[in-house]
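Hi,

Here is the structure I promised to pass on. Have a look at it first, and then read on for what turned up.

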Amino acid sequence: KEEYGYAYWDVVTDRGECRFTIQMGGSGVIHLSENRILIQDIDENRFEIPDIRTLTDVERKRLDLFL
């Protein structure tokens with residue numbers, strides 16, 4: 001969800017469910033390669049998506065909002 005310049009994420013990682021917030025328009029989403037993405041939240045925690053091609057169509061559409 002997006003609100004007041006921040007995006008709030010609810011995700012499932014390899015270490016379980018997680019909630020985090022990134023600032024919109026900042027450097028919260030970094031392309032490491034064509035298909036590899038690093039997401040850094042406002043607390044400077046980092047989350048990696050090693051291959052965005054493995055995401056479902058719905059997940060990819062949501063991610064595309066931030067790319």
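Which residues do ring pairs link into a cluster? They are W9, F20 and F47. Before the details, a word on what you are looking at: this is a predicted model, where local features need pLDDT of at least 70 and side-chain atom pairs count only at pLDDT 80 or more, while totals for chains, interfaces and linings use all residues. Residues are numbered from 1 along each chain as its sequence is written, and side-chain values use heavy atoms, with hydrogens and water left out.

Back to the rings. There are two aromatic pairs in the structure. Rings of Phe, Tyr and Trp (for Trp, the six-membered ring) pair if their centres lie within 6.5 Å; planes under 30 degrees apart count as stacked, over 60 as edge-to-face and the rest as tilted. W9 and F20 are stacked, because their ring centres are 5.4 Å apart and their planes at 20 degrees. W9 sits in strand β2 and F20 in strand β3 (residues 16-23), so this pair ties together parts eleven residues apart in sequence. Strands here are DSSP runs of E with at least two residues, numbered from the N terminus.

F20 also pairs with F47: the centres are 4.2 Å apart and the planes at 10 degrees, so that pair is stacked too. Since F47 belongs to strand β6 (residues 46-49) and F20 to β3, the parts tied together are 27 residues apart in sequence. W9 and F20 are buried, and F47 is buried as well. Buried means under 20% relative accessible area, exposed over 50%, and partly exposed in between (1.4 Å probe, protein chains only).

F47 leads on to the strands. In β6, F47 is the bridge partner of I39, and in β5, I39 is the bridge partner of V29. Strands pair if DSSP finds at least two bridges between them. β4 (residues 29-31) and β5 (residues 37-40) run antiparallel, joined by three bridges, and a hairpin connects them through five residues. β5 and β6 are antiparallel over four bridges. They form a hairpin with five residues between them, and E44 in that turn has a positive phi of about 70 degrees.

Now for the surface. Y8 is in strand β2 (residues 6-13) and is partly exposed, with a relative accessible area of 34%.

Cheers
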